[in-house]
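Subject: Structure for you to look at

Hello,

Here is the structure I said I would pass on. Please open it alongside this email and follow the residues as they come up.

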Amino acid sequence: MDIEYTATLTNPIPVTVSFVNDFSLMSWLDGITTMKDFPLVASVSYALDSSAQLSPEFMEASSVQFMKAGAMGITLVVASGDRGVWGFEGFGQKFHPEFPASSPFVTTVGASNLQTKSMVGTESAWTCSGGGFSTEFLQPSWQSEAISSYLQLARSKGMLPPTNFFNMEGRGYPDVTTIGGPTNPYCVSQGDGDHVGVSGTSGSASVIAAVFAVINNVRLAQNKPPLGFANPFLYANKQCFKDIADFTKNSCLQGTSMGYSSIAGWDPASGLGIPDFECLSKLDV
């Protein structure tokens, strides 16, 4: 799905497929950054609960490499996960943020869900779209205003989860969102004319990565630099996003209503919202 939709949306921009056998983020990124002509946008659909990573040191070291890639002009786009607030560990006494989605040096993408079957129209936050607050990384300065506004509004509406379930001072994710829910899934070829519908934040992350690649193409044609580390730019231009504020929770698991609600402005269910390509492509960094 990732390759099919990225290649379709970016054509004729070339697409490079990069993988490592050991599933190491460090090895993968080393391969990307040492290419002679490295890609300016990289999409990652890998995620694990932060607590299931090798160690906090591994996450910190990986994030340093993410930061270096951004400084080189590479935009790292990461899926937020498909298990809502509970991650791989499931229901418990705390929410389970995922990594690398919770790193402050990647642009994390959640999934929205079209409300009506077989129709393009109004979008809601997807109930199983990953999102939350890191237990390893503090919130960066470019996100502090958005998080502060979310916490105040959610509390005033009675929609803030119990604070013992999450780290209010952590890096919040996702940053943005786009279609990835199951009501109208992505159509993917299985060969021999056979197709199947696939949903998830892997699809939405791939689509956003493609959008950023096309924006880079526009920018480079105008002698502007590539987006590189895009998050400060995105949060400074909230007018270029279609907000999702229908109160849908990313609780995911049946039998629980615990989760973050999509409300006005940034939230851990739908991020800043859905990017407006025309708006973003006309902005300067």
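This is a predicted model: local features need pLDDT of at least 70, side-chain atom pairs count only at pLDDT 80 or more; totals for chains, interfaces and linings use all residues.

N250 sits in the loop between β12 (241-242) and β13 (274-275). Is N250 buried or exposed? Its relative accessible area is 0%, and buried means under 20%, so N250 is buried. The side chain of N250 also reaches the backbone nitrogen of Y260, at 2.9 Å.

G131 is found in the loop between β6 (123-125) and β7 (132-138). With a relative accessibility of 5%, G131 counts as buried. Leaving aside its neighbours within four places in sequence, G131 is in contact with G84, V85, Y173, P174, N250, Y260 and P268. For a distance to check on screen, take G131 and M258: they are 127 residues apart along the chain, and their C-alpha atoms are separated by 12 Å.

Next, the aromatic rings. A pair of aromatic rings is described by the distance of the centres and the angle of the planes. How many aromatic pairs does the structure hold? There are 16. One of them joins F95 and Y260, whose ring centres are 5.3 Å apart. Why is this pair edge-to-face? The planes of the two rings are at 65 degrees, and planes over 60 degrees apart count as edge-to-face. The pair links distant parts of the chain: F95 is in the loop between β3 and β4 (98-99), while Y260 is in the loop between β12 and β13, 165 residues apart. F95 is buried, at 6% relative accessibility, and Y260 is buried too, at 1%.

A second pair to find is W142 with F229, where the ring centres are 6.0 Å apart and the planes are at 70 degrees, so this pair is edge-to-face. It also links distant parts of the chain, with W142 in helix α4 and F229 in the loop between α5 and α6, 87 residues apart. F229 counts as partly exposed, at 26% relative accessibility.

Ring pairs also build a cluster, which is made of W86, F91, F95, F133, Y150, F165, F166, Y260 and W266. There is a charged residue over a ring as well: R83 lies over the face of F88, at 3.7 Å from the ring centre.

Now the nonpolar cores. Which residues of the largest nonpolar core touch the most other members? They are V77, Y150, F212, L234, W266 and L280, in a core of 37 residues. The elements giving two or more residues to this core are β3 (75-79), α4 (141-156), α5 (201-221) and α6 (231-235). Another core lies apart from it, with 18 residues, including A42, V44, F99 and F137. Beyond its neighbours within four places in sequence, F212 is in contact with V41, T75, V77, T107, L227 and L234.

Helix α5 comes next. It has 21 residues and reaches 30 Å from its first C-alpha to its last, close to the 30 Å expected at 1.5 Å a residue. The helix is mostly covered, with 15 of its 21 residues buried. After α5 comes N223, whose phi is positive, near 60 degrees.

Two single residues remain. R171 is in strand β8 (residues 170-173). At 0% relative accessibility, R171 counts as buried. What does the side chain of R171 make a polar contact with? The partner is the side chain of D175, at 2.8 Å.

M26 lies in helix α2 (residues 25-33). Is M26 buried, exposed or partly exposed? At 32% relative accessibility, M26 counts as partly exposed. Not counting residues up to four places away in sequence, M26 touches F58, A61, S62 and Q65. M26 and P275 are 249 residues apart in sequence, and their C-alpha atoms are 29 Å apart in space.

Regards

Methods:
Residues are numbered from 1 along each chain as its sequence is written. Side-chain values use heavy atoms; hydrogens and water are left out. A nonpolar core is a set of buried Ala, Val, Leu, Ile, Met, Phe, Trp, Tyr and Cys residues joined through side-chain atoms within 4.5 Å. Buried means under 20% relative accessible area, exposed over 50%, partly exposed in between (1.4 Å probe, protein chains only). Helices (H or I, at least four residues) and strands (E, at least two) are DSSP runs, numbered from the N terminus. Contact means heavy atoms within 4.5 Å. A polar contact is a pair of N or O atoms within 3.5 Å; within protein, one must be able to donate a hydrogen and the other to accept it, and residues adjacent in sequence count only if both atoms are side-chain atoms. Rings of Phe, Tyr and Trp (its six-membered ring) pair if their centres lie within 6.5 Å; planes under 30 degrees apart count as stacked, over 60 as edge-to-face and the rest as tilted. A charge sits over a ring if NZ of Lys or CZ of Arg is within 6 Å of the ring centre and within 35 degrees of the ring normal. The expected span of a helix is 1.5 Å times one less than its number of residues.
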